[in-house]
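Below is a short note for someone opening this model for the first time. The points are numbered so that each can be checked against the view.

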Amino acid sequence: MTPLTVTVNKKRKLITFDWAIKRLLRSKANFGILEGFLSELLKEDITILDILDSKRYLGCRTHTFNCIDLKVRNSKNESIIIEIQYDREYDYLQRIFYGVSKTAIEHMEDSKPYAGITKVISINILYFDLGSGSDYIYKGTTRFIGLHNHDLLELNEKQKQLFKKDSVESLYPEYYLIKINRFNDIAKDTLDEWIYFLKNEEIKESFTAKGLKEAEEKLSIMKLPEDEQKAYEHYKDDLHYQASMFESSFGDGYSEGKAEGIVEGINQTTKNIALNLAKEGATIEIIAKVTGLSEADIKQLLQKSNEQ
C-alpha cells in the first residue's frame, strides 16, 4: 500500500500591511517592522522616535477602503506619512500634495523662522494604476535647474550649516509612489522583497530584507487574539465588498457611457450622410428615406449647416 503523502505548505498567512498599520505598528514594540520597510525604501537606516498622528489625517475620507495612514517622526526630525490607497482617485497626486503641505507647517512653532519647517516624506502604497508609466516605484523631489547654463542650484556653506543638509533637494518633500499591482512578483533586491510582501501577504524563507523576519513573526494571523482575528476577517470582507461596489458602479457607468457614445456616433454619422446627400442635390424626401430622419429634422440640420 502506497503511504499517504502530506504536502505541508510552508507559506505563513500574514495580515495585510494596512491592518498592521491600523492595529500593530503604532506600538513601539513593533517599530522594527516599519523601520525595516522605511530603511529599504529610503536606502538609509531609519529610526522611528514616535507616532505623530494616530488619526486619519488631512481631510482623508473616513472609509477604510479609501485611506489608511500613519505619520511618524524619525531621528532626523523628519515627518514620514505612509498612506495606503485601494480605489482609484484621478486627483490623487493633488491630494498627496495637499497632505504634505499641511504636514510641513502644522508642527512649526509660531514666531519661528522658516528654517524650522519640517522635511516631509510621503510614501503612498497604491493598489491601482496611477497615471501613465511602466515602473512600479516612482520617486519625486524638487530641484532647481538653470534655464541658460542648465546647472543645478546648490546650497552654500552657510546654508549647509544652518539646515544640516547637503542639497537643496533635501530641504523639500519627497514623494514615493509604489504601484503594487505593477510588480511582477520577481524580487530582485531587498526592497522588492518588501513589495512582494505588500502584494501577496507572504514572506519567502529566502528573504533577507530588514524588518521582514520580525514581520513574519508578529504579523501572523494565527498569533492574533481571537477577537482580533474576527475583526481582521470582517475588515477583509469589507474590502472585498467595497471593491465589488466600486467595480459595479464603474461597470454601470462605463456601459451607460458606451451606449450613449454609440447612439451619439450613429446620430452624427446619419447627420453627415444627410448633409452629403444634400450637397449632391438630393431632395429632402430622398434624404429622409435614406437616413430615416424626419423632413423637419433635415430642414433644421440644413439650416444650421448654412448658418455655420
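1. In this predicted model, helices α2 and α5 are oblique to each other, because their axes cross at roughly 130 degrees and an angle between 115 and 145 degrees falls in neither the perpendicular nor the antiparallel class. The two axes come within 8 Å. The crossing of α2 and α5 is left-handed.

2. Which residues make this contact? On the α2 side they are I33, G36, F37, E40 and L41, and on the α5 side T190, L191, W194 and L198. By class, the residues of the contact of α2 with α5 comprise six nonpolar, two polar and one charged.

3. Helix α5 spans residues 190-200 and is mostly covered, with eight of its 11 residues buried. The buried residues are L191, D192, E193, W194, I195, Y196, F197 and L198.

4. What do the buried residues of α5 pack against? Their partners are the helices α1 (17-23), α2 (31-42) and α6 (212-218), together with the strands β4 (120-126), β5 (137-140) and β6 (174-179).

5. Both ends of α5 deserve a look. At the start of the helix, a side-chain oxygen of D189 comes to within 3.2 Å of the backbone nitrogen of L191. Just after the helix, E201 takes a positive phi of about 55 degrees.

6. Most residues other than glycine have a negative phi. E201 has a positive one, near 55 degrees, and is not a glycine. E201 lies in the loop between α5 and α6. Is E201 buried or exposed? E201 counts as buried because its relative accessibility is 14%, and the cut-off for buried is under 20%.

7. D185 also has a positive phi, near 70 degrees, and is likewise a residue other than glycine. D185 is in the loop between β6 and α5. With a relative accessible area of 30%, D185 is partly exposed.

8. The crossing of α8 past α9 is right-handed.

9. In this pair, I284, E285, I287, A288 and T291 of α8 meet E295, I298 and K299 of α9. The residues of the contact of α8 with α9 divide into four nonpolar, one polar and three charged.

10. T291 belongs to helix α8 and is buried, with a relative accessible area of 17%. The side chain of T291 reaches the backbone oxygen of I287 at 2.7 Å. A polar atom of the T291 side chain also lies 3.2 Å from the backbone nitrogen of L293. Apart from neighbours within four places in sequence, T291 is in contact with T270, I273, A274, L277 and I298. Of these, I298 is in α9.

11. T47 sits in the loop between α2 and β1 (48-53). T47 counts as partly exposed because its relative accessibility is 38%, a value between the limits of 20% and 50%. Where does the chain come back to T47? N74 is 27 residues away in sequence, and its C-alpha is 5.5 Å from that of T47. Once neighbours within four places in sequence are set aside, T47 is in contact with E35, R73, N74 and S75.

12. The chain has nine helices and six strands. Of its 308 residues, 39% count as buried. Among contacts in the chain with a separation of 6 or more, 64% are between residues 24 or more positions apart.

How values were computed. Residues numbered from 1 in each chain as written. Predicted model: local features only at pLDDT ≥ 70, side-chain atom pairs only at ≥ 80, totals over all residues. Heavy atoms only, no water. Left-handed = near helix turned anticlockwise from the far one by under 90°. Helix = DSSP H or I, 4+ residues; strand = E, 2+ residues; numbered from the N terminus. Contact = heavy atoms within 4.5 Å. Nonpolar A, V, L, I, M, F, W, Y, C, P; charged D, E, K, R; others polar. Buried < 20%, exposed > 50% of the residue type's maximum accessible area, 1.4 Å probe, protein only. Polar contact = N/O pair within 3.5 Å; in protein donor to acceptor, adjacent residues only side chain to side chain. Axes fitted to C-alpha atoms, helices over the stretch in contact; angles between N-to-C directions. Parallel < 35°, antiparallel > 145°, perpendicular 65-115°, else oblique.
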